Amino acid sequence: METASQSGDRELAEELLVYFIEQGKKECFASCLFVCYDLIRADVVLELAWMNNMIDFAFPYLLQFVREYTGKVDELVKDKLEAQKEVKAKEQEEKEVIAQQNMYAQLLPLALPAPPMPGMGGGFAPPPPMGGMPPMGMPPFGMPPMGSSY
């Protein structure tokens, strides 16, 4: 049994189980299940034990196998749930950042159009002509001096 376990050969370990069944050595069968635990497949154990009326000898192995695999499944489920929580936390953090950016944008003053330039009228008047004569009522070089009646 030790040699089969150290060999790492699954087929050899399972052949050893068949040998113990053929020899009627039920205790050796049960012992081999634990010595070669990592090599032997549970479905093979269950089949051999059931076909040879040795379920009682295989049951401790099967309990250990179920306990081990239940623990592995529980760990996988736990890891998956933690990964999902992390993804949700990142999504929530991104939503909060966007909401915070939107909040700051609401606090900023509205971008209003600039007031009209003096002398441009109140609306969308065309720009003053370039060169030539100034419009009526304006001196040739800009605004009239204060108090003058030009």
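**Notes on the aromatic pairs and a helix contact**

1. Phe34 has a relative accessibility of 42%, so this residue counts as partly exposed. Please keep in mind that the model is predicted.

2. Searching the whole structure gives 5 aromatic pairs. In one of them, the ring centres of Phe34 and Tyr61 are 6.5 Å apart with the planes at 75 degrees, so the pair is edge-to-face. This pair joins distant parts of the chain, since Phe34 sits in helix 3 and Tyr61, 27 residues apart from it, in helix 5 (residues 55–107). Tyr61 counts as buried, because its relative accessibility is 0%.

3. Another pair is Phe65 with Tyr69: the centres are 4.4 Å apart and the planes at 35 degrees, so this pair is tilted. Both residues belong to helix 5 and are 4 residues apart, about one turn of the helix. Phe65 is partly exposed at 23% relative accessibility, and Tyr69 is partly exposed with a relative accessible area of 40%.

4. Through ring pairs, Phe34, Tyr37, Tyr61, Phe65 and Tyr69 are linked into a cluster.

5. Helix 3 (residues 26–35) also packs with helix 2 (residues 10–23): the two axes come within 8 Å and cross at roughly 165 degrees. Angles over 145 degrees count as roughly antiparallel, so helix 2 is roughly antiparallel to helix 3. The crossing is left-handed.

6. On the helix 2 side, the contact uses Ala13, Leu16, Leu17, Phe20 and Ile21; on the helix 3 side, Cys28, Phe29, Cys32 and Leu33. Sorted by class, this contact has 9 nonpolar residues, no polar and no charged ones.

Terms used. Residues numbered from 1 in each chain as written. Predicted model: local features only at pLDDT ≥ 70, side-chain atom pairs only at ≥ 80, totals over all residues. Heavy atoms only, no water. Axes fitted to C-alpha atoms, helices over the stretch in contact; angles between N-to-C directions. Helix = DSSP H or I, 4+ residues; strand = E, 2+ residues; numbered from the N terminus. Parallel < 35°, antiparallel > 145°, perpendicular 65-115°, else oblique. Left-handed = near helix turned anticlockwise from the far one by under 90°. Contact = heavy atoms within 4.5 Å. Nonpolar A, V, L, I, M, F, W, Y, C, P; charged D, E, K, R; others polar. Phe/Tyr/Trp six-rings, centres within 6.5 Å; stacked < 30°, edge-to-face > 60°. Buried < 20%, exposed > 50% of the residue type's maximum accessible area, 1.4 Å probe, protein only.
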